[in-house]
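Subject: Structure for your review

Hello,

Here is the structure you asked about, with the sequence alongside. My notes follow below it.

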Amino acid sequence: MCGRFQLELTMEDIKNLLDVIGEVKERYQEDRLSSFVQEKQDFYPGSLSLTAGHDGLLKNLWGFPLGKKLVFNARQETLFEKPFFRQAALKERCLVPASLFYEWQGKEKIKHLIRTEDSLFFMGAVKEKFPDSSGSITEHFSIITTASEGEMKKIHERTPFILDKNDIRRFLDPKASPEEIKEILNKRNLNLLIERASKEEQLSFF
């Protein structure tokens, strides 16, 4: 599961992100790129956060609306079978950049900070447009999760799917077949660095 993550982005990070997704930097004016610079901040369902996809860099709301709830995770195993996610899985895949994500273990809700060996990593996600209460159309994303492996199993049974940089452009390609995407999603997750939060951080949930 993924219900909270942290992101910090410098201008250099954003330019590197454009390289990763195969975007041409010249399409973006410097002042527009600066709008994506992000001081260290925690994000949770309902937050407006950066996504990167075949249509470039955007800010979208986290969680697909379903009645009064937000469905903020999509299971990798059933992504193409569930009607709720199928169309998004077929054509509107995206990345959610993060510096770390959080998970809480057991009944005691022991907080952990989870990173990769890189300072910035990319969680797989799907996005779709939904009407809001006023009838305006807004775009939402849901983070793809996979079964936990190794040490993560001791903390939670689900983990965000983190993409290998070599798979990113194929994952984002709207012409990629479901079989190609399933092949990517069936790969082992990247190596995760798990740190138990300090006593002070344990007291903070959101």
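How many aromatic pairs does the structure hold? The count is 10, in what is a predicted model.

One of these pairs joins tryptophan 62 and phenylalanine 141, whose rings are stacked, 6.1 Å centre to centre with 5° between the planes. Tryptophan 62 belongs to strand S4 (residues 56-62) and phenylalanine 141 to strand S12, so this pair ties together parts that are 79 residues apart in sequence. Tryptophan 62 is buried because its relative accessible area, 1%, is under the 20% cut-off. Phenylalanine 141 is buried as well, at 0% relative accessibility. Tyrosine 102 and tryptophan 104 have ring centres 6.1 Å apart and planes at 25°; an angle under 30 degrees counts as stacked, so this pair is stacked. Both tyrosine 102 and tryptophan 104 are buried. Ring pairs also build a cluster out of Phe5, Phe43, Trp62, Phe72 and Phe141.

Two arginines sit over rings. Arginine 4 lies over the face of tyrosine 102, 4.4 Å from the ring centre. Arginine 93 has its charged end over the ring of phenylalanine 171, at 5.9 Å from the centre of that ring.

On the nonpolar cores: the largest has 54 residues, and Phe5 and Leu57 are those with the most contacts inside it. Strand S11 (residues 121-131) gives the largest share of this core, 6 residues. Another core, of 5 residues, lies apart from it and includes Tyr102, Trp104, Leu113 and Ala197.

Which residues of helix H5 (residues 178-185) are buried? They are Ile181, Ile184 and Leu185. These residues cover an arc of only 95° around the axis, so they are on the same side of H5. The buried residues of H5 are covered by elements that include strand S8 (93-98), strand S12 (137-147) and helix H4 (168-172).

Phenylalanine 36 is in the loop between helix H2 (30-34) and strand S2 (38-43). Beyond its neighbours within four places in sequence, phenylalanine 36 has contacts with Leu9, Ile14, Leu50, Leu57, Leu58 and Lys59. One of these, leucine 57, is 21 residues away along the chain, and the two C-alpha atoms are separated by 8.3 Å.

Lysine 109 is in another loop, between strand S9 (100-105) and strand S10 (110-115). Lysine 109 is exposed because its relative accessible area is 52%, over the 50% cut-off. Most residues other than glycine have a negative phi. Lysine 109 is not a glycine, yet its phi is positive, about 55°.

Asparagine 73 is in strand S7 (residues 73-75). At 17% relative accessibility, asparagine 73 falls under the 20% cut-off and therefore counts as buried. What does the side chain of asparagine 73 reach? That side chain reaches the backbone nitrogen of cysteine 2, at 2.8 Å.

Regards

Conventions:
Residues numbered from 1 in each chain as written. Predicted model: local features only at pLDDT ≥ 70, side-chain atom pairs only at ≥ 80, totals over all residues. Heavy atoms only, no water. Helix = DSSP H or I, 4+ residues; strand = E, 2+ residues; numbered from the N terminus. Contact = heavy atoms within 4.5 Å. Buried < 20%, exposed > 50% of the residue type's maximum accessible area, 1.4 Å probe, protein only. Arc of directions from axis to C-beta. Core = buried A, V, L, I, M, F, W, Y, C linked by side-chain atoms within 4.5 Å. Phe/Tyr/Trp six-rings, centres within 6.5 Å; stacked < 30°, edge-to-face > 60°. Lys NZ or Arg CZ within 6 Å of the ring centre and 35° of its normal. Polar contact = N/O pair within 3.5 Å; in protein donor to acceptor, adjacent residues only side chain to side chain.
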